[in-house]
Amino acid sequence: MLKIELSSRQKKILEIVKAEGPITGENIAEKLHLTRATLRPDLAILTMAGFLDARPRVGYFYSGKNANQLLGEKLRKLSVKDYKSMPVVVTEETSVYDTICTMFLEDVGTIFVIKKEGYLVGVVSRKDLLQVAIGKQDLNSVPVGIVMSRMPNLITCKMNDTLFFAAQQMMKHQVDALPVVRPFAGKKDQWEVIGRVTKTTLVRAFVELGQATEV
Ligand code: ADP
């Protein structure tokens, strides 16, 4: 694991390569009055982190990217398939009462609603349920299918989408969660729910990126 924070020696190496690259490891070492072997880990880190590029027999040169650009690149590469969590689903006949219980038991803020056959038909959020709950209806007799947001207006994402794309969708459509879907039984307009991406997912990715960047 490599902290994005660079050591003062690594910063000096970057300055030298910026000013004089391409430059060999030997020459960088000379300028710093150190041995090539002492510099080897620093050069490896700077190369693996993307600050420097190395070409055999040419030497090191500056990649031209600053820490923010590198972090941005890293961020845009995160994939839904690596961060998604398990979806929580109920069928559309499930009562609002039972859906609320499921929300508490599973500790989620959004529940996906499926047909008995298994494909996605709706999404129900905390506020959707609160809205019914403050009314006068008997929550045991209202099916969740009545209160959910439904297809074809659902915002979804796929396994191979980037987490960044999922986040943009959530911002644009002002929703807290997206079902991760794949075609249901090979049909074009029916979807099987295979995961979920929520604001919590994004917070987790944000914290991981902030703590360290794997190289
Ligand atoms: P809450 O309303 O509890 O704060 P959201 O902001 O996610 O949660 O939901 C706002 C509205 O958008 C709700 O009516 C909900 O049914 C709907 N909604 C939530 N997620 C989606 C989604 N992925 N696609 C379409 N509509 C959604």
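The questions and answers below concern a predicted model.

Student: How is the aromatic pair of Tyr119 and Phe184 classed?

Tutor: The count of aromatic pairs in this predicted model comes to one. Its members, Tyr119 and Phe184, have ring centres 5.5 Å apart and planes at 55°. Planes under 30 degrees apart count as stacked and those over 60 as edge-to-face, with the rest as tilted. The pair of Tyr119 and Phe184 is therefore tilted.

Student: How many residues apart in sequence are the parts that this pair ties together?

Tutor: Tyr119 lies in the loop between strand 4 (110–114) and strand 5 (120–125). Phe184 lies in the loop between strand 7 (177–183) and strand 8 (191–198), so the pair ties together parts whose separation in sequence is 65 residues.

Student: Are Tyr119 and Phe184 buried or exposed?

Tutor: The term buried applies under 20% relative accessible area, and exposed applies over 50%. By this rule, both Tyr119 and Phe184 are buried.

Student: Which residues of helix 1 and helix 3 make their contact, and how are the two helices oriented?

Tutor: On the side of helix 1 (8–20), the contact is made by Arg9, Gln10, Ile13 and Leu14, and on the side of helix 3 by Thr38, Leu39, Asp42, Leu43, Ile45 and Leu46. By class, these residues are six nonpolar, two polar and two charged. The axes of helix 1 and helix 3 (residues 36–48) lie 10 Å apart at an angle of about 75°. Helix 1 and helix 3 are therefore roughly perpendicular.

Student: Are helix 6 and helix 7 roughly parallel or oblique to each other?

Tutor: The axes of helix 6 (residues 96–106) and helix 7 cross at roughly 135° and come within 11 Å. Angles over 145 would count as roughly antiparallel and those from 65 to 115 as roughly perpendicular. Helix 6 and helix 7 are therefore oblique.

Student: Is the crossing of helix 6 and helix 7 left-handed or right-handed, and how do the contact residues divide by class?

Tutor: Helix 6 passes helix 7 in a left-handed crossing. Helix 6 contributes Val96, Thr99, Ile100 and Met103 to the contact, while helix 7 contributes Arg126, Leu129 and Val132. By class, the contact of helix 6 with helix 7 has five nonpolar, one polar and one charged residues.

Student: What is the orientation of helix 8 and helix 9?

Tutor: Helix 8 (residues 163–173) and helix 9 (residues 199–211) have their axes 11 Å apart and pack at an angle of about 135°. Their crossing is left-handed. The contact involves Leu163, Ala167 and Met170 of helix 8, together with Lys199, Thr201, Leu202 and Ala205 of helix 9. From the angle between them, helix 8 and helix 9 are therefore oblique.

Student: Where are the cis peptide bonds that join Gly21 to Pro22 and Met151 to Pro152?

Tutor: Most peptide bonds are trans. The bond from Gly21 to Pro22 is cis, with omega near 0°, and the bond joining Met151 and Pro152 is also cis, with omega about 5°. Pro22 is in the loop between helix 1 (8–20) and helix 2 (25–31), and Pro152 is in the loop between strand 6 and helix 8.

Student: Which residues does Pro22 touch, not counting those up to four places away in sequence?

Tutor: Pro22 has 47% relative accessibility and counts as partly exposed. Its C-alpha is 9.2 Å from that of Asp53, a residue 31 places away in sequence. Beyond its sequence neighbours up to four places away, Pro22 touches Val58, Tyr60 and Phe61.

Student: What are the phi values of Asp107 and Ala185?

Tutor: Most residues other than glycine have a negative phi. Asp107 lies in the loop between helix 6 and strand 4 and is exposed at 67% relative accessible area. Ala185 lies in the loop between strand 7 and strand 8 and is exposed at 64%. Phi is positive in both residues: about 55° for Asp107 and near 45° for Ala185.

Student: How far apart in space are Ile146 and Phe51, C-alpha to C-alpha?

Tutor: Ile146 is placed in the loop between helix 7 (126–133) and strand 6 (149–150). Ile146 is exposed, with a relative accessible area of 62%. Ile146 and Phe51 are 95 residues apart in sequence, and their C-alpha separation in space is 54 Å.

Technical notes: Residues numbered from 1 in each chain as written. Predicted model: local features only at pLDDT ≥ 70, side-chain atom pairs only at ≥ 80, totals over all residues. Heavy atoms only, no water. Phe/Tyr/Trp six-rings, centres within 6.5 Å; stacked < 30°, edge-to-face > 60°. Helix = DSSP H or I, 4+ residues; strand = E, 2+ residues; numbered from the N terminus. Buried < 20%, exposed > 50% of the residue type's maximum accessible area, 1.4 Å probe, protein only. Axes fitted to C-alpha atoms, helices over the stretch in contact; angles between N-to-C directions. Parallel < 35°, antiparallel > 145°, perpendicular 65-115°, else oblique. Left-handed = near helix turned anticlockwise from the far one by under 90°. Contact = heavy atoms within 4.5 Å. Nonpolar A, V, L, I, M, F, W, Y, C, P; charged D, E, K, R; others polar.
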